[in-house]
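Please find below a note for colleagues who are examining this structure.

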Amino acid sequence: QRRVHGDILSVYFFSFIAGHSRENEMAERRLSNAGFTAAITVCEDETSIKRRLRRSTTRLAQYPLNSMREAFGHKYEKVDPSLASQTLNAQCASNDIWSAVKNGDMSAVIQFASTDPQQLEQRGPVGETPLHCCFLYYKPSHRRIAKHLLDRFPWIAEQEYLGGEYGGENVLHMAIVRRDPEMVLFIVERFPRLIEGRAHGRFFQEGLCYFGEFPLFFAASVNRKDLVDMVLKHGGAKHLAERDSKGSSIFHLCVHHVLPEMYDYLLQVWEKAHGPPDDFAMIDSNGFSPFTLAANNGSEVMLAFFFTRGTQESWKYGPTMLMLYPLSELDYTGGQGRKTGLELLVEKEHMELLQLPRVLTVLKMKWAHYVESIFFTRLLLVVAYQVLLTALIVLRAPNLGEETWLQLVIEAILAVMVLKKCTSECSEMISEGWRYFSCKGAMLLENLASGTHSCLMVIFFGIGFARRCGILAEDALLDLDVPLLAIGVVWAWAYVLFFLLGFHTTGILVVMLYKMIGGDVLRFGVMFAGLLMGFSTAFYVRLDEPGLGAFMDRLGSCFLAMIGAGDYSEFAVPEQKILSGGVLLVFITFSILLPNLLIAMMGDTYSKISEEADKRWRLEWARITLTLEKELSPAAREREDRRYWSQVDGKRYLQVIECDPQWQETQPEYPSLFTGHTTGTTLNSRRLSPIF
């Protein structure tokens, strides 16, 4: 099966399962996904299959047959048993219509078909017919055979593949993929009903062969305008507005295969038939419009096409001009709650696309109009909160009832701030759902730090309030105070890192720290933990100190020694000088190597990240911008002083004043106001009208 195990393994299964050349020819006929289905269809029974596997290779014989079926994803029961028996007879014959089609022997194919036309209805292991095989091989001889069979036996034209892998595919689909305009024209003129066919098999639902289901979608996916015109002319125009089983329109297919010219051509056809398209109406089952699909896929070609397509020139004076860039789908989805193109670019970490001028301009406009003020206001509040929290810890009374009025005031202020932040985080968690925890970078840091700290501090202040109100005893849950406060303080200062990302100089360092902790330190920690446990257990056994407490002491001393802060002499055993010295020598060697290894790994990571440090910081800066924006309500974003866009004919546009660097070199021509002739920018007396 090609999409799981590769072409070679497909042949590998056939060569060991099949017992004669006919079955190997069936493997050649379509390597793509025939897989184990073909073997089960053409062989006698499961026992013989296992016997052949056992003779060929022990490893394959040990693999359960049901597991093979599961792994290959095929259900051979979908093939009609009667058709399977016909195929079995054909496979066992040495001279049949299958071999004639394979060899391109037109006279033999005609003879077999004339003698018994029912042979044209035989089915192969994946539901194909001899006619389909002609289009699969498609050499000149097979092309002539297909044309002759369709002329002489027109009833076979409507044969479709059976089964789940290629189900629904007909000869029109195959001729379009072959990009044969003569054959496509012949089929649509003689058999227009084939335009209604839908290739719904799994093979056409993903990857490079995701061509949609309708022949019109296939023609667009192979980027042939002439084939599109043929299908449209013969009844395929109604499929322009159709969707495949994944909810994709023909425009989604153009984005998937990166075909901007075909997209533009189909858009012109659409506008003639249905008028201007609605940017917010063409949504697939995943919630993607064509634009957001391009952003999700990271297709720079399609994004550049979309940016250019909707751009308007408002006015021009000399080298300056005012350009209007549409914001539909890039930063606004019509209030539908879908992800915008900007959010997808950040989520998928398409750093190169975030450097595009229009995307960067939108982010800068957001930052300048309202995000920057929110950012610095939030930063001042965090600084004030940290000062008050530190003061609370320093002034904290050991016993209830001994608090000073200053401590009570600080605690009340902090409780209100924490409660407000916790409410905001819970609201965001409900609105975002699982995306609240699945984000990355600055978004993940902000969510984890603020969410964890606010929850811990709400519990801490809640317990204190319950004690003062008499709901809890004065000595109740005293053991929780210190852990809650200590862990909460750590997360509070970790939250400061989120704001350091907003500045270019410190943001790059935070990005490097994040990458090192998530990569180098994590990998190093796994290796370090294994060696630490090994040496700790060895020293624990040699020093003969029973008990969990002794083992934990040995674990701690080994950890300190491995990071260079311990004493190696405590691991020596005078009675076992040779063994003790050997183990201690290996331990010291690893203690020297491991810290240096971590330093080398971090240095390598630093050099790699520094090459794209600016792009990385731009990505995190974009995340900060979107994170702070999401905390605003839709009404707050729509405030007049926060609008960075202009409303033109009910659509949002971004106004950008640009400069034309080639303005001096261009010489525009204008039609004369009097003679109708064209005049250049340099006028002379011979070309002037009398009034001048």
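1. Basis of the note. This is a predicted model, in which local features need pLDDT of at least 70 and side-chain atom pairs count only at pLDDT 80 or more, while totals for chains, interfaces and linings use all residues. Residues are numbered from 1 along each chain as its sequence is written, and side-chain values use heavy atoms, with hydrogens and water left out.

2. Overall composition. The chain contains 32 helices and six strands (DSSP runs numbered from the N terminus, helices being H or I of at least four residues and strands E of at least two). Of its 692 residues, 47% are buried, buried meaning under 20% relative accessible area with a 1.4 Å probe and protein chains only. Among contacts (heavy atoms within 4.5 Å) with a separation of 6 or more, 68% are between residues 24 or more positions apart.

3. Helices H16 and H18. H16 (residues 225-236) packs with H18 (residues 260-274) at an angle of about 25 degrees, their axes being 11 Å apart. Axes are lines fitted to C-alpha atoms, for helices over the stretch in contact, and angles run from 0 to 180 degrees between N-to-C directions. The two helices are therefore roughly parallel, a label for angles under 35 degrees. On the H16 side, Lys225, Val228, Asp229 and Leu232 take part, meeting Glu261, Met262, Tyr265, Leu266 and Val269 of H18. By class, this contact has six nonpolar, no polar and three charged residues; Ala, Val, Leu, Ile, Met, Phe, Trp, Tyr, Cys and Pro count as nonpolar, Asp, Glu, Lys and Arg as charged, and the others, Gly among them, as polar.

4. Helices H26 and H31. The axes of H26 (residues 441-468) and H31 (residues 613-630) come within 7 Å and cross at roughly 45 degrees. Gly441, Ala442, Met443 and Glu446 of H26 meet Glu620, Arg623, Ile624, Leu626, Thr627 and Lys630 of H31. The classes here are four nonpolar, two polar and four charged residues.

5. Helix H14. In H14 (residues 181-190), the buried residues are Met183, Val184, Phe186, Ile187 and Val188. These buried residues pack against H11 (130-137), H12 (140-152), H13 and H16. The N-terminal end of H14 is capped by Asp180, which has a side-chain oxygen 3.3 Å from the backbone nitrogen of Glu182.

6. His173. This residue is found in H13 (residues 171-177). His173 counts as buried because its relative accessibility is 0%. Beyond its neighbours within four places in sequence, His173 is in contact with Gly168, Gly197, Arg198, Ala199, Glu213, Phe214, Pro215 and Phe218.

7. Val362. Where does Val362 lie? Val362 belongs to H23 (residues 357-395), and its relative accessibility of 0% means that Val362 counts as buried. The C-alpha atoms of Val362 and Leu654 are separated by 7.8 Å, although these residues are 292 residues apart along the chain. Not counting residues up to four places away in sequence, Val362 touches Leu327, Leu330, Asp331, Leu342, Tyr644 and Leu654.

8. Asp96. The loop between H8 (81-92) and H9 (97-103) holds Asp96. With a relative accessible area of 6%, Asp96 is buried. Asp96 and Ala108, twelve residues apart in sequence, are 8.6 Å apart in space, C-alpha to C-alpha.

How values were computed
Angles under 35 degrees count as roughly parallel, over 145 as roughly antiparallel, 65 to 115 as roughly perpendicular and the rest as oblique. Buried means under 20% relative accessible area, exposed over 50%, partly exposed in between (1.4 Å probe, protein chains only). A polar contact is a pair of N or O atoms within 3.5 Å; within protein, one must be able to donate a hydrogen and the other to accept it, and residues adjacent in sequence count only if both atoms are side-chain atoms.
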